[in-house]
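The structure is shown first, followed by the points grouped by topic.

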Amino acid sequence: MREEDCIFCKIANGEIPSRTLYEDDDFRVILDLNPVTKGHALILPKDHYRNLYEIDDSTAAKVLPLARKMAVTMTEKLGCDGFNVFQNNNEIAGQTVFHFHMHLVPRYDDDSQSFVMPPCGMTEEQLDAVRDAIVG
Ligand code: AMP
Ligand code: ZN
């Protein structure tokens, strides 16, 4: 399903040109327009899902194998030293385009980037309470 006025629907389905790295029936992988490192790419499903809360299981199940395949290829071709794979859900988590996408970020020893969220500080008791809240 497509959504009107969704830029990633248009890109994923080829209506807006992009620097495509890979395409199949379900996905297009493109270079990010404002990369954080050389090779920063995005996996876009061709169907519209707002984010992880909405993506269906069968599409979701294909995302990680594709991320792995892209990471292997890009590491070979770009000679990067590591890789971050992540995706953001809702504004608070940094989502700015509301069509599910997974970021593929090659990392280089000298890229001067960081990927750090400092610990928020929780006691053992607080951790127990969080576990209970989730599984209870
Ligand atoms: P997020 O903040 O997780 O929603 O990520 C959105 C990403 O999409 C950012 O890294 C943007 O640089 C990227 N982006 C936005 N518009 C385009 C576009 N037209 N083509 C390629 N990448 C885009
Ligand atoms: Zn969309």
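The second largest pocket has a volume of about 170 Å³, the volume being the space filled by probe spheres set on grid points joined across faces, edges and corners. A pocket is an open set of points on a 1 Å grid over the protein atoms alone where a 1.4 Å probe fits, with protein on both sides within 12 Å along at least five of seven lines; lining residues have an atom within 4 Å of a point. The model is predicted, with local features needing pLDDT of at least 70 and side-chain atom pairs pLDDT 80 or more, whereas totals for chains, interfaces and linings use all residues. Residues are numbered from 1 along each chain, chains are lettered from A and ligands numbered from 1 as written, and side-chain values use heavy atoms, without hydrogens and water.

**Second largest pocket**
- Its lining consists of Phe86, Asn88, Ala93, Phe115, Val116 and Met117.

**Largest pocket**
- The largest pocket has a volume of about 430 Å³.
- Of its 22 lining residues, Phe8, Asp32, Leu33, Asn34 and Leu42 lie nearest the centre.

**Ligand 1**
- Around ligand 1 there are 17 residues (a heavy atom within 4 Å), and Asp32, Asn88, Gly94, Thr96 and His103 come nearest.
- Polar side-chain atoms lie 2.5 Å from a ligand oxygen atom for Asp32, 2.9 Å for His101 and 2.8 Å for His103.

How values were computed
Polar contact = N/O pair within 3.5 Å; in protein donor to acceptor, adjacent residues only side chain to side chain.
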